[in-house]
Amino acid sequence: MSPIPLEAPLYVLWEITLACNLRCRHCAAGAGIARADELTLSEAFGVCDALADLGTPAVCLMGGEPLVRKDWFRLADRLRARGVEVGLITNGWNFNSKAADTVQRLDICQVGVSLDAADPALHDRMRNRSGAHARALSAIRRVAEMPLTYRTVITSVSRTNLPELNKICDLLAELAPGFTWMINISSCHDAERFDPKDLLDENGFLTLARFIHRKRKEMADRLQVTGTHDLGYYSKELPELHDFQWTGCLAGLQTLGIRSNGDITGCLVMDDTFIEGNVRQRTLADLWADPDAFAYNRRFTVDMLQGACAGCDLGEQCRGGCRDHALSFTGSRYNYPFCLHRIERDAQRTKR
């Protein structure tokens, strides 16, 4: 039986524009050029009010690159005026002193900066723009000086930058003490940008999981190192990957994704097959309350599990891991490729 969805989404990820000043290889959104039909300021204000009316406690403004949208601060201001906490995820390129001052004036609670490598050339190559590394480090330095509730660096890992993790950790320990370092796995949403051969395989996943498990203990007094929802699950050997207990994908149960044209998904990284509707055609409250929406999670039963997840003794709890990564890596929403519980179980069977 799937969990009952909350009356309001607990956390909303909002792509306020698809426009971006970088062309990152691993971008799940395929960002670069704004959508032709992006929400106007008036329409976006309507979304702000709808979220507040629903009782949503927190919204994270994302892109694309949110700072490319010239009225981004007006959306943040509207949300804050309605009592909604606001976070901001940026590549750092436009996070100058003016942006930092605006963040503090609006009492934004979180700024996250993306960093893919300690080596400037590698980061710039992954982000497809020279100088991206220097801008990211400049943004991290600014954030380090700000009295924010949450200060975050985000790294997306593929084969290309897996060897960089120790160097990134050393850099952040010096540059960003007290930050949270969130580490996730790159997936392939656009084969023209991201070579599928660069995806982590099972050995790469294990290397990453072991790194996070080790560094969470080693760096506890300097950095809060954590894996995200695409890492796990239910490991006996590597239990220390994050601060939450995995209970299955929360898309459409506790989280909501809003695209810049008003399309609604359960999580912002999900592809077009997960779109539930659009705020131009239906109210946000209507979409969230629709008993037929988000059926992949709200109507989940263990017999939906496929492949390596089928027949798992923890299927009722785990519900097949991260939906987006399962689909990206295996073509099925219910067959997660890199499950520590399964890897450890299979290793035990082999020993017998």
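Contact means heavy atoms within 4.5 Å. In this protein chain, among contacts between residues at least 6 apart in sequence, 70% join residues at least 24 apart. The model is predicted: local features need pLDDT of at least 70, side-chain atom pairs count only at pLDDT 80 or more, and totals for chains, interfaces and linings use all residues. Residues are numbered from 1 along each chain as its sequence is written, and side-chain values use heavy atoms, with hydrogens and water left out.

**Overall fold**
- The chain holds 12 helices and 10 strands (DSSP runs, numbered from the N terminus: helices are H or I of at least four residues, strands E of at least two).
- Its radius of gyration is 20 Å, close to the 20 Å that the globule rule gives for 352 residues, so the chain is as compact as a globular protein of that length (taken over C-alpha atoms; the rule is 2.2 Å times the number of residues to the power 0.38).
- The C-alpha trace spans about 60 × 50 × 40 Å along its principal axes.

**Burial**
- Of the 352 residues, 57% are buried (under 20% relative accessible area, 1.4 Å probe, protein chains only).

**Helix H1**
- H1 covers residues 41–54; its 14 residues should span 20 Å at 1.5 Å a residue, and its end C-alpha atoms are 20 Å apart, which agrees (expected span: 1.5 Å times one less than the number of residues).
- Its buried residues are Ala44, Phe45, Val47, Cys48, Asp49, Leu51, Ala52 and Leu54.
- The buried residues of H1 pack against strands E1 (11–15), E2 (58–62) and E8 (255–258), and against helices H2 (72–81) and H8 (284–289).
- Gly55 follows H1, with a positive phi near 100 degrees.

Methods:
Buried means under 20% relative accessible area, exposed over 50%, partly exposed in between (1.4 Å probe, protein chains only).
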